[in-house]
Structure formats: C-alpha cells, structure tokens
Amino acid sequence: MRRRAVLLWGLGLVAATIAGLAIGATSVPLRDVIRALSGVGDPTSVSIVRAVRLPRVVLAGLVGASLGMSGAALQGTLRNPLAEPYLLGVSGGAAVGAVIAVTTGILPVPLAAFGGAAGAVLLVLAIGRTAGSLGDTRTLLMAGVVLGAFANAAILIVLATAPADTVRGALWWMMGSTAAATSFDIGVVGMALLLGGAALILLGRRIDAVSLGTDAAAALGVRPESTSRAVYLWASLLAAASVVAAGLVGFVGLVVPYLARSGGAARHRGVIAASGLIGATLLVGADLAARTVRSPAELPLGAVTALLGVPFFLAQLRRR
Amino acid sequence: MREPEARRRPAFDHQTTVLGGELVDLGGALRRVTDFTGILPRMPVVRIRRRCWATILLLPIAITCDRAPARRAATRETPTRIVSLNPTTTEMVFALGAGSRLVGRTHWDSYPPEASAVPDLGPGMSPNVEAVVAARPDLVLLYASGENEPAARQLSGLGLHVVSLRINTIAEFEAGLEKLGELVGEGPRAAELVRQVQSTLDSVRRATAPLPHWRVFLPAWESPLLAIGGGSFLSELVDIAGGANIFADLAQPSPPVSFEEVLRRSPDVILTGPVDAANILASPRWRALRAVRDARVLVYDTALVARPSVRMGAAAVSLARLLHPVPRS
C-alpha cells in the first residue's frame, strides 16, 4: 500500500476514534470528553465516555481489524476475491450455537457461539481433507457454502419453535452489535488479534507464493497444504473471536481486502496489515453511525457496515 | 518446505534460567501449539519473562478494567430519578404517585398521558446504555429478558441500581407492584392498590361464577399465529370474567399454535383487539371457525386490556360485560 494511502487510512482511524468517543446519544462537549478520558470531571460524563463509549470504540476497532486481516489472508490463499472470514463455516456454526443459547438459556452465549464456530470450521476442513487435498480450494468452498446452508436451516427451525420473547434477542445477535462491549469481549478479540494477526502477517510471504497457484508455490519451495491449513485456522480464529464478541458483522471481511489492494498493496504482508487498519477504521465509523443515526435507538451494526461499505466499494470499482 | 529442517533441530532447552528470573520457554510452547498449523519455521524463537507476556496478553483487558466505579453508592436512599424502560412499570410508577420522579421511559410508554412528558430514551429491549447513564438515574427498571441482560450488567457495573422485572401474570403483577412500592418508598400505597385490584377481581369472579363459561380463543398475533396462553394475565382475566381460554393449558404467555389446533378446540368466542378483529372477519380461512361464522368475534379495548396494570379490575369488568352482556334496564 502506498504511503499516502496508509497515512490517509491512519488519519481516518484517528478521526473515527475521536468521533466515536465524542459523539453519542447524549452530547458531551469535546473538552469534557478529553477530561473524562483521564477520569476527571462530571461523573456521568466519565461513565459515558470511559465505560460506555471507549469499550465500544475499542471493540469495534479490534473486530474490524480481525475481520479485515482474516478476509485478506483467506482471499489470497483461496485465490478468490469473494472469500471472506465467515467462508469456512464460522458464521453458520457460531449462529447456530448462539441462537440455541439465546432461546434456551442453557449455555452462556459466547461459549456456545465459539463452540459452534470451532465445530463448523473443523468439520469443513475435515470434509476438505477427505474429499481431496486442502490445496483444492473448490472442495473447501463447496463444503463451507453447504454447511452454511445447513446452519441456516437449523437456525430457522430453532427460531420457529422458540418462545416468542427470545426470538428478537436471537435476531439481534445475528445482526451484530458492539453495544454490550465488555472487557471479556475486548480481551478475547484483542488476544486473537495479537496472535492471529501476527501469525497471518508472518505467513504473508508464503501466501504470496500460494496465491500464484499450487505449482508455482511448490516450485518456490512452499508447501501449499500446510500454508493453507495454517491460514484457515488462524483466519477462522480471528473470525470466531469477532463473532463471539460482536455477533455477525458481515461485509467488512469481504470489502476491506479489496480496498487494501486498490490502495496499492501487492504483497500479502502489506495487504493483511493494511486490511487490519482499514477494517478497524471502517468498523469504528460504522459503529458510530449505527448508534447515532437513529439515536437513541440503535441500528444493527451488520447492516450499517454494508450500507457504508458498498458505496466505498463501488467508488473504488468505478475508478478501476 | 523448510519444515523438515525445523523438525531436525535439536530439542529445546526448556530449563534455561537467566538472571534468576522466571523464564518461560515461550518459543517452545508456541512451537508445540502451532506445530500442526505449519507456521513454525517462520516463528521467531521468543523468550519473554512471564510477567511481561502476561502484560501483553492482559493489555486489552486492562484498557477497560479501569471503569469508573465512582457511583457505586453503598447506601440506597429513596430514588429521586427513576428510569423505567418497560411500559408496565412506567404505568405502575405513575400509579404509585412517583411519576414526577421519572427521568426516562421507552419510546412506547403511552399510558398514562403524563408519561409522554417524560424523556424518551428509545427502545426498552436492548436499551441505549449511554442514554440511560446520561439521565443520571438512581433507579433503573428494565424488562427482565435475556436480551436485556448485557445492558443490565453494564448498568450495574457502573454502580446504578438496576431492577429487572418480568410481569406476565396477575401474581407477578402483584409481587412486582409491591416490590416497586418498596423501592420508591410507597410501600403502603402499593399494598392498597394491590388490595383494590384484588377486591375488584374477586367481585367480578363472584358475579360470573354462576354464568356459563364460554370457551374463548385469544389470538395474540395472526402471522405466525400466536395465542394468548395460560402464562398470560389476559388468560387469567378471561377466566375471572367468565370465560375459559382454550389454550390455558399452554404455559407460555403467547405460544405459537396451529390453525388446525384452534379448529379442533372449537372456541365459542374469539376475543381480540379491533385491528385483529377486522383481519379475522375479512379473511376466508377464519370462516372455518364456528365462532366466526356465528359472528361471535368480540372486540376488547386494547388500551385497557393489553397490559397488566392497576386497571386490571376495570379490564376484568369490561371483559365480563363483553362475554356476558346484560340487557340494559
């Protein structure tokens, strides 16, 4: 990515973060926001800025970065610009787990969501392996898509038979939200991003080789199978952590890598890192829009990401 | 590629200690964990002091752990600033004479009319936490549901006094009103209101006892078809008013039911709000029901009957008049 683009997105992230801390359902003057951040001033403002807005902004940034990096790595490895973090069953599996947990109350939602996501990804990878080599991306894509359809069916059946007053909660979970950001959520995504993000960036060069094709990778001394497997697992870990903390936030992982590449990044190390930056910027902005546009009511974050992301994407597409 | 080379490397020296500090063989641990993921050859061998590693891992947590617990008030005085995010409790707070202390309500709280003067804080499900905090309440009333749990936890974490109530049945209404009375310092008044409601309901029950109890179907929603079930106060009110809810055996407040089951249970009367009544009369499939063909679709006053409230006595009276009309003399 060109230096200018990095600088612009970086500035964008800073601006979005400041706006995210300064704007909300109640108006707190900017000067009070700054004082509240360091814990001084009116206790209500301090609570609003430090306990309500700050965790949201931080979580949105971490989730956006995770989804962006995850999507970038998967698109490179699968050699398919339509690949996204939820491709390998993360969203379907997590949603089944979460919807069952929300409607029956037998398990904590984060645990159920993570269990579902992990189960689905392992299943998809197992199918991919039995049906042929993991290097054959078509089998894997098929397995992911089919499992997604299966998960959808399971969700519909659970929702159709669930008590009416729990259905809304389940739907809200599926639409994604950072409204209830807790330190647990931030810890989970933060840790996943720290480990998974580093791993994916370290894998960048090998993804470069794999993205040239299986034969080219082999000629370069890179084993496509082990590289793909590593990318799938790390990318899915990032996606699963995001889903556990913020529900299903779509579109970010799909469009952000494209923006990173059109920003001038060619090698995957750069694309993945830039996707983290862009993803964080977009999601902090989208979260701000989700909670201010119809304030005091909130819009579903998963829908706002697409509403904001599509125009961006189309503008880039036209410029090409 | 270089994986075999890595495997050939000599085993890690796990016992290294440097400068007397505790050292963790992080490289070794990561190597073992990530071995199968294949990123191994690129992973630099890192040895980090345990404390340092913990700091890195806990950093994201530390960012938000530092929440201002400034207002974790130890003593609970009678609240003067109440946020009620549930139309039922808003109505109760007004009935207790504490309406002037309300500083926030949901978008849907329309009764009593004075409620519209209270600031609208948006939805009552998944409420806007920031808007609630900004109202500086000393008591927050929420509808108790899984969907509201994260918000309740967040608000409690900020030291706010949060009370979640779910009021579906008459017994829950009475217990809720008494609890609310205690909370806002209007205990005697709450007890008096509960007594009044009970005595009205008792007299309606006595009046309808000798009358035939019609089998009543109460649709709660048309598509998907939901019925008022035994878990709703409305089912109890119908019972008191001289009817028998055909779905009283279902424990949920509004369970989904199949149309065939409604046909099978063959209600004498359909009791519903005006909008649903119009739909039911207009729809051909409902004509399969005897009650519809015989034009026994009764319409209740939604504003009076739709919520469990201190007006439940009046609601029971109006339902009894609907089910057992007396010729005016």
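**Entry 1. Arg136(B)**

I looked up the exposure of Arg136(B) in this predicted model: at 38% relative accessibility, Arg136(B) counts as partly exposed. I use buried for under 20% relative accessible area, exposed for over 50%, and partly exposed for values in between (1.4 Å probe, protein chains only). Arg136(B) lies in the loop between helix 5 and strand 5 (139-143) of chain B. I take helices (H or I, at least four residues) and strands (E, at least two) as DSSP runs, numbered from the N terminus. Phi of Arg136(B) is near 50°, a positive value in a residue other than glycine.

I note the conventions here: residues are numbered from 1 along each chain as its sequence is written, while chains are lettered from A and ligands numbered from 1 in the order in which they are written. Local features need pLDDT of at least 70, side-chain atom pairs count only at pLDDT 80 or more, totals for chains, interfaces and linings use all residues, and side-chain values use heavy atoms, with hydrogens and water left out.

**Entry 2. Salt bridges between the chains**

I searched the whole structure and found 16 salt bridges over all chains. A salt bridge here is a side-chain nitrogen of Lys or Arg within 4 Å of a carboxyl oxygen of Asp or Glu. Arg136(B) takes part in one of them, with the side chain of Asp42(A) (2.7 Å, N to O). This pair crosses between chains, and its partner Asp42(A) sits in the loop between helix 2 and helix 3 (43-78) of chain A. Asp42(A) is partly exposed, at 28% relative accessibility.

I then turned to Glu130(B), which forms a salt bridge with Arg53(A), the closest N and O atoms being 2.4 Å apart. Glu130(B) lies in helix 5 of chain B and Arg53(A) in helix 3 of chain A, so this pair joins two chains. Glu130(B) is buried, with a relative accessible area of 4%, and Arg53(A) is buried at 0%.

I recorded a salt bridge between the side chains of Arg265(B) and Glu261(B) (2.8 Å, N to O). Both residues lie in helix 10 of chain B, four residues apart, about one turn of the helix. Arg265(B) is buried, with a relative accessible area of 16%, whereas Glu261(B) is partly exposed at 21%. In chain A, salt bridges that share partners join Arg56(A), Asp287(A), Arg291(A) and Glu298(A) into one network.

Ser266(B) is placed in the loop between helix 10 (259-265) and strand 11 (269-272) of chain B. Phi of Ser266(B) is near 35°, a positive value in a residue other than glycine. Ser266(B) is partly exposed, with a relative accessible area of 25%.

**Entry 3. Chain B as a whole**

I counted 14 helices and 12 strands in chain B. Of its 329 residues, 47% count as buried. Its accessible surface comes to about 16200 Å², of which 57% belongs to carbon and sulfur atoms; I took accessible areas from the Shrake-Rupley method with a 1.4 Å probe, where for residues only the protein chains shown count as cover.

Where is the cis peptide bond that I noted in chain B? The bond runs from Tyr111(B) to Pro112(B), with omega near -10°. Pro112(B) is in the loop between strand 4 (102-104) and helix 5 (129-134) of chain B.

**Entry 4. Helices of chain A**

I examined helix 8 (residues 183-202) and helix 13 (residues 268-292) of chain A, whose axes come within 8 Å and cross at roughly 155°. Axes are lines fitted to C-alpha atoms, for helices over the stretch in contact, and angles run from 0 to 180 degrees between N-to-C directions. That crossing makes helix 8 of chain A roughly antiparallel to helix 13 of chain A (angles over 145 degrees count as roughly antiparallel). Leu200(A), Ile201(A) and Leu202(A) of helix 8 make the contact with Arg269(A), Ile272(A) and Ala273(A) of helix 13, contact meaning heavy atoms within 4.5 Å.

Asp208(A) is found in helix 9 (residues 204-210) of chain A. Asp208(A) is buried, with a relative accessible area of 15%. Leaving aside its neighbours within four places in sequence, Asp208(A) is in contact with Arg267(A) and His268(A).

Terms used. Parallel < 35°, antiparallel > 145°, perpendicular 65-115°, else oblique.
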